[in-house]
Each structure stands twice: as C-alpha cells, then as structure tokens.
Amino acid sequence: MSRSEISPDQLIDREIGPVTILFGHENGKYPDGNAVLVSGAHETIIIDPCLGVVARKDRLPRVDRVFHSHAHEDHLSGSHLFPDVPWYVHGEDLAGLQSLDGMMAMYGVEGPGVGEFKKMVTTQFNYLPREDAHTFVDGDLYDLGGVTIEVLHTPGHTGGHCSFLIDWGATEGRFVFLSDIELTGFGPYYGDACSSLVSFEKSIERLKHIDARWWLTFHHKGLFEPREHFLLKLEQYGGVIKSRERRLLEFLAEPRSMDEIVAHRFVYRPGVVDGNMVDNTERRSMARHLERLLQSGTVIAMDDSRYRIV
Ligand SMILES: [Zn+2]
C-alpha cells in the first residue's frame, strides 16, 4: 500500500478551537506530515496539505486558499487537490512551487541524481507546478472571520520557511504551526543549498518570545502544550547546534581537512553511510559552522587546506 492509499480511518483529526490538526501516518513521519485546517466565518485555509490530506480527500471541507510553510515536497503533496484556489508561500521559496527545477535548486541537487529525485517528487509527492503562486511576507495577517493567521518568517531550514500564529482571541486561543522547526533530538536541519545556520538560530530565538499555548511540528513530535513544555523542547533542540559546534572545535584540535570533517559525522551519527545525501548534508552544515569560526578567528585555514583551532 503506498502512502497515498493509507486508510483515512487510521488517521487522527484533532480540533482545537477553529484549528483542525490532520495528523499524518505515524504522527506525521516522513514522507507524511501533520497538516492544519483553519476555519473562520468567511473562509477556510489549509496549511501544508500532505499525504495524510490526500488520504482524507473524500471528506475534506471546501478550502479557499492553500498556505505552504516552505517548498519541500512533503509539504505540498496534497496541494494538487486544490488546483482552483490560490496557493501561497514566502517569496524566498517561490521558485520551488513554480517549477521542479526551482525546487532542485533550493535543495542544491545536481548531477545524475536529479532525474531520479524529480521523478520521486512527481510520482510519490504529486508535484504540480503553480507559476501563479502568491507570496506572503513576515507579519502578513489573514482574517478568516473570528480567527486570524499571522505569517512568521522563520528562515534557516529554507530561506522562506515560515511558521504561522493562529489566534482566535481566547486566552487559550493561540496556536503556532512550527512546520520543520521539528523539536527532534536530531536537531535543526540546515543542510540544503538554501539553508542558513545563522538564520535558524535567529528563528529559534524569536520563537522564544511568542506567546501561545499550542505548538505543532509537521513531523514526528506533533503537538506540544503548554508553552513551558514547548520552551524546554526548543532549548534542547537549539542546543544541538551548540553541541555540533563544540564537537567540531574538539575535532579541530588536530588539523583536519573538510573531507575528514564530513567523514567524522557531526549531524548524523558516526557510521551513518547513505551515499551522497548524507555526505552533502554534513558538508553544507559543517561548512556553515566552519565559516563563522573562521570569521571569529577561533579557527584558521592552513596552507594545505586543512583547518585547526587557533
Ligand atoms: Zn522541509
């Protein structure tokens, strides 16, 4: 049975005020995810329609607009169900909604793997390009009637990654959809061509100052409440960045080349071998740490292209 054929009876819906969480298979484990429907008096918006939404296609309400937290394949695999309504994404991820080539460029995928990746995005994730997709920016506020959605630009995972603050006025009525700020033990992912470590740190810092009771990740972890519990998880999650950097500094007590850094594994566990994808993620992620350590003068580049602490 493919993911798009998951029985809708296996999937859990949960209503919190005007928000309905459409939990995906295994709590939104990739390739699925947890989507959100927000229903106001005037309109209904779906955020990140994914494979679990496809499984529910016979019992979905009328949807007026589709919001995307960013243009990764798992966040838009149900968007094709809504071809006649406007789609939205942040401008920095717009290219990924407009064309497959745009999405490949965001990932930084090139070479022989491109054809296979494009085929997977098309067949398993129902990719439908939308050249006429709309954009939103940080702070944009959508009034659905009795409930608002505010766009929070929280870049890092991708350049245009956004979270959404859903507010229906009651004390308990504030809900944040965190998307791929996942709060997992793996830690923040900033290994794509369009990712940024520095932006990810700023986004984590910003979320600490937002007041809401409910916090939902797109994958795995799902729903967190109250805010104190979320803040604890966010602290641990952000701490993974510091831990990667600390371990890199320890490793650079001896001069090391970039290939040695990649082979050592800082993002994935030592010994994880999964071809180019893992190597590329390690290389991009740790190059971002190295860049700022070089800038601050903590690490120097030696004549033989190796690096060490000062
Ligand atoms: Zn993503």
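Colleague: Is the crossing of α3 and α4 left-handed or right-handed?
Modeller: Right-handed, in this predicted model.

Colleague: Which residues of α3 and α4 make the contact?
Modeller: From α3 you have Leu 100, Asp 101, Met 103, Met 104 and Tyr 107.

Colleague: OK, switching to strands. What's the order in the open sheet?
Modeller: Six strands, running β8-β9-β10-β11-β12-β13, with mixed pairing.

Colleague: Which strands stand at the edges?
Modeller: β8 (141–143) and β13 (223–224). Each has a single partner strand, so one side of each is left without a neighbour in the sheet.

Colleague: How many bridges join β11 to β12?
Modeller: Four, between residues 174–179 of β11 and residues 214–217 of β12, and the two strands run parallel. If you want a spot to look at, Phe 175 sits opposite Trp 214 in β12.

Colleague: Now rings. How many aromatic pairs are there?
Modeller: The count comes to 15. One of them is Tyr 88 with Tyr 142, which is edge-to-face, at 5.8 Å centre to centre and 80° between the planes.

Colleague: Where in the chain are Tyr 88 and Tyr 142?
Modeller: Tyr 88 is in strand β6 (residues 87–90) and Tyr 142 is in β8, so to speak distant parts of the chain, 54 residues apart.

Notes. Residues numbered from 1 in each chain as written. Predicted model: local features only at pLDDT ≥ 70, side-chain atom pairs only at ≥ 80, totals over all residues. Heavy atoms only, no water. Left-handed = near helix turned anticlockwise from the far one by under 90°. Contact = heavy atoms within 4.5 Å. Pairing = 2+ DSSP bridges. Phe/Tyr/Trp six-rings, centres within 6.5 Å; stacked < 30°, edge-to-face > 60°.
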